[in-house]
Amino acid sequence: MGGWNYVVTAHKPTNVTHSCVGSFTNPPDLNLIIGKCTRLEIHLLTALGLQLMLDVPVYGRIATLELFHSPGESKELLFLAFERDNFCVLQWDAEAGALVTLAVGDLANECHQPPDNEQNGIIDPDCRLIGLHSYDGKFKVIPIGSKGQLKEASNIRLKELQVLDIKFLYGCSKPTIALLYKDNKDTRHLKTYEVQVEEFIEGTWFQNNLDNGAGLLIPIPLPLGGVIIIGEQTICYCNASAAFVEIPIQLSITKAYGMMGAHGSRYLLSDYDGILYCLILTHVRDSVFCLELEFLGETSAASTLTYLGNDVVYVGSSCGDSQLIKLKPQADSKGSHVEVLETFLNLAPIIDMCVVDLEHQGQAQVITCSGAFKDGSLRIVRNGIAIHEQASVELQGMKGIWSLQASSHDKFDSFLVVSFITETRILAINADDELEETKIDGFDSKAETLFCCTAIHEQLVQITAGSIRLVDANTRRHLTEWIAPDPLASINVATANSSQILVASGGGNLIYFEIGRGLLMETKRTKLDYEIACLDINPIGENRIGSNLVAVGMWTDVSIHVYALPSLTLVAKESLGGEIIPRSVLFCSFEGIAYLLCALGDGHLFNFKLDISTGALSDRKKISLGTQPIMLQTFWTEKGMHVFAASDRSTVIHSSNKKLVYSNVNLKEVNHICPFNSSSFPESLAICMKGELTIGKFDDIQKLHIRTVPLGEQPRRISHQEKSHTFAICSAKYSCSSDMEIHYVHLISDQTFEIMSSYELRSYEEACSIISCSFSCDVNVYYCVGTAFVLPEDSEPSKGSILVFMVEDGKLQLVVEKDINGAVYNLNEMHGMLLAGVNHELQLYKWRIIENNFWELQFVLHHPLNMLALYMQLRGDFIVVGDLMKSMSLLTYKPGQGVIEEQAHDCNTNWMTAVEILEDGMYLGAENCYNLFTLRKSEDHAPTTDDDRGGGLQVVGRYHLGELVNRFRHGSLIIQLPDGEGNQVPTVVFGTVNGVIGLIASLPNEQFLFLQKLQQLLVKVIKGVGGFGHERWRSFHNHQKTMNAHNFLDGDLIESFLDLGRQNMENVANSLDVSVENLCTQIEELTRLH
């Protein structure tokens, strides 16, 4: 099946490549706009922090992200340029809450060479021109018209080929750029040019022979004007008046800067170590006479710095967690002025990873080598939400559970009411933080409680089959009681809130009560056509103690009704279809959107958007959460309200970017649940499972749970060893004393993730590969590490080694050290031997005992390859090698003959970054232009397509991922369930430089063809930001060619079907001759893959 692949993102990119601030959504608003390579985020700065307004994918890799003011407009416009030279201008439509495209263009030129450094897009401060340096020797100029319209672009020849930075200058009568470049002697200079429509006119000022590390320009606004040049050892200021001010700095490389305020005399600077400085331009009127650099503190290594006002700064990072910080006027005991307000998780860059099931329960985890420099870490990624058990007690036969406060004004809950078939028991937390049984005198302890809650006027409500009791919360004594008039028509369904009660009895009787001080006032009763299955009056409007609507789930006609209160007038009705009755209904609200949820007895869940004022239901959607009845319950965390769907596959429902998100909970089957916010266990949950009551607390509510293990150094390779319950990682740490990197092999516990043992490599020795393996004739399991000596004078490593370690008593013991003539880029176990990729050849070693239990690696054979054997995967006797630039080769080991022979190779030029074997005869590759492709060995070597020029490996699939993949691993993120068809789909997990964790699933041909038709329909419905086309974005593209995607599907696009409105869903489903519910079910099964 490996020929038909479904590619989907499990974890979105988190690498912050761009950020800017301005009034984009409305003139009074202050927006932070963030670019994460292939995603765009728009945030609103509020008193409570950053509020996400929009998070959308873009069909391109963002190269430039800038806000600018169109003449005469109050709102700012957003200019986006992409690495493939298409660009757009966007405006925010406040009424629709969406992006509107004002201009779009494509400046691609296949005849020119892209620059060695990043593409640079700049906007004239007076909004007259946009400049793009996308090709060496060329500068594109796009005039800006009124209202943000862009005029025809033109090319200007740029004679400086080694451009380091370009910026427009402030206060120039005509658009003028400052150009930082280096000559053929590697000397760096600054020039200025006045930009005409089709030519440059050399400016009147320049600066020669700058700091050899100069690489960043900062244009200064008026009244000062001029430009700052940031070097590795100096910072200087110069302007058109021949002013030149320079200060020395400690050796560092500045990565990011941000202007503090509009006056332009203070700038934030951040270097590779995350040291944050403030550069101050001391001036008299418009003359700068001094530069000062003040230490502010330490943050993540910044890729962007954006000043948000009031001393608040957004620190975007490419190699650590991004942060929202506040600069304090007074330094702390460590001399730091930095206070971290909020941290935003970032997995980028993922250098290596492994997929392991540490708990042997079918729940795989991805362990990533993430980050760089001091921000390096391990990240443990698993699907679903983990819950931390804080207390538990064994209880059999629980039928329901509720938490109560002693007073409606209390901050914390005091009691847990647990219902059984023949009794009700009250639990409380004692002084020793233990659950113990207590009493509420006014409660009926000899009956099963159907519902219980805290009510207004310091009262408690208990509803049983026979009565409704109102109890004084302070004295716990009985106040009043409503008794069911007919024992044969006892209460069978009940719900309540702080001020209202609703009960249903046999025959479809529905009775509504309002709660007074010591009073239960029957307000209305009605008789419905059928028996009532479930009820809800959870308040979600401005009135937090009462509801103006009631939801009723019905037997017989399997429907859901909405009635107005207090009249019990029917205002909405939805038939659910089928024969499975609703078991739980719930009003809830996420991100200002009201919903009605309805759970069925077979594990399906309906959600409707709800109009609170009229009760009307719309935008009906259905999802399968499990196979058993679902019970719905709201709970609160500091991030807002969530819904717990208790079932055999319990799920937490929350909202992100105004879309409902369903996150699995890593628990066994849950029967009942309630929030329990006690002083001992704040923001916790009481969870009833089979025979056990547990008090627990969730980790962050998100689809993937990610745990961080900080290392303070960069992990580069990782391997897991089951026998010793350890990981071994290869890492690099910069040493200030020696001014060079020191490389280590660390042994880490796979339970605590603490470092147990470390081995320091020799000077200039770097670890390139690591595996856990065993050898023939030896029962022990070893870690094998391949290294290279990276010497300054060598263009390619000529020396390396293979180090064989054994884990003994929790320590790494070096058993064998084998010197190798080259870099050991990869290692694999093959037939009890060790196969190494060494520079441009494969080398095979066997494990041989010498004497007295001393072992050695003995050379067996070698096989020459093309350039560099950077990547290698094995299956049986077959070997797939990914070359530096010669794509992939297929080889076979023949034990009988003692040789390795090439079977086939791909004749295309692909600079490989990762390879994997999908199945026998099907091979997967990733290359440095962000593409994926699959190869299959053809029966003969006759070329069948332009991609196959006789090498024997035929290209059968191609796809532009837009991400640089560093590692493929076979495995899955989901719990392996015996009744799920999705478990049969083979999957490969991948990790990328931007922090993406993705999944490639190999589908049956019939399913692939159906989804391909769906994708073609969705492309017409879901438009890309800026109007860019999906087909072009996903086309295989490198420096030689562009070809349409083939035999790959975009899972992110397909799964976005679930976010469409009902009408669009129906239009798409009708075109495929299937029902909306059937199509949703199929796509939901795909979402379960990740």
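Start with E683, which sits in the loop between β58 (670-676) and β59 (684-689). Keep in mind that this is a predicted model. Look at the backbone here: E683 isn't a glycine, yet its phi is positive, about 50°. Most residues other than glycine have a negative phi, and most peptide bonds are trans. Is the E683 side of things buried, exposed or partly exposed? E683 counts as partly exposed, because its relative accessibility is 36%.

Next, select C777, in the loop between β66 (765-774) and β67. Here is another positive phi in a residue other than glycine, near 65°. C777 has a relative accessible area of 80%, so it is exposed.

While you're looking at backbones, go to two prolines. Then jump to P349, in the loop between β29 (338-344) and β30 (352-356). A348 and P349 are also joined by a cis peptide bond, with omega about -15°.

**Zoom out**

Show the whole thing as a cartoon. The protein has 87 strands and five helices. Its radius of gyration is 33 Å, close to the 31 Å that the globule rule gives for 1090 residues, so the protein is as compact as a globular protein of that length. Along the principal axes, the C-alpha atoms fill a box of roughly 100 × 85 × 65 Å. Of the 1090 residues, 58% count as buried. Among contacts with a separation of 6 or more, 50% come from residues 24 or more positions apart.

**Into strand β67**

Now select T787, in strand β67 (residues 781-789). T787 counts as buried, because its relative accessibility is 0%. Show side chains and look for E765: a polar contact of 2.7 Å joins the side chains of T787 and E765. Leaving out residues up to four places away in sequence, T787 also touches others, including L761, C768, G800, L803, G822 and V824.

Still in this neighbourhood of the numbering, pick K799 and F789. K799 lies over the face of F789, at 5.0 Å from the ring centre.

**Rings on rings**

Colour the aromatics. A search of the whole structure finds 20 aromatic pairs. Take F590 and Y595: their ring centres are 5.9 Å apart and their planes meet at 55°, so the pair is tilted. F590 and Y595 are both buried.

For another geometry, select Y845 and F859, an edge-to-face pair with 5.8 Å centre to centre and 75° between the planes. Y845 is in strand β72 (residues 841-851) and F859 in strand β73 (residues 854-864), so the pair ties together parts that are 14 residues apart in sequence. F859, at 42%, is partly exposed.

Then select F775, Y782, W847 and W855 together: they form one aromatic cluster.

Go to R61, in the loop between β5 (49-57) and β6 (62-69). R61 has a relative accessible area of 12%, under the 20% cut-off, so it is buried. What does its charged end sit over? The ring of Y930, at 3.7 Å from the ring centre. The side chains of R61 and Y930 also make a polar contact of 3.5 Å.

In soluble globular proteins, nonpolar side chains tend to be buried together. Here, the largest nonpolar core has 61 residues, and F1057 and L1079 touch the most other members. Select helix α1 (residues 1005-1021), which gives the most to this core, with six residues. Then centre on F1057: leaving aside neighbours within four places in sequence, F1057 is in contact with L1018, M1065, V1068, L1079, C1080 and I1083. Finish at another core lying apart from that one, with 31 residues, among them C452, L460, I501 and V503.

Terms used:
Residues numbered from 1 in each chain as written. Predicted model: local features only at pLDDT ≥ 70, side-chain atom pairs only at ≥ 80, totals over all residues. Heavy atoms only, no water. Helix = DSSP H or I, 4+ residues; strand = E, 2+ residues; numbered from the N terminus. Buried < 20%, exposed > 50% of the residue type's maximum accessible area, 1.4 Å probe, protein only. Polar contact = N/O pair within 3.5 Å; in protein donor to acceptor, adjacent residues only side chain to side chain. Contact = heavy atoms within 4.5 Å. Phe/Tyr/Trp six-rings, centres within 6.5 Å; stacked < 30°, edge-to-face > 60°. Lys NZ or Arg CZ within 6 Å of the ring centre and 35° of its normal. Core = buried A, V, L, I, M, F, W, Y, C linked by side-chain atoms within 4.5 Å. Rg over C-alpha atoms; globule rule 2.2 N^0.38 Å.
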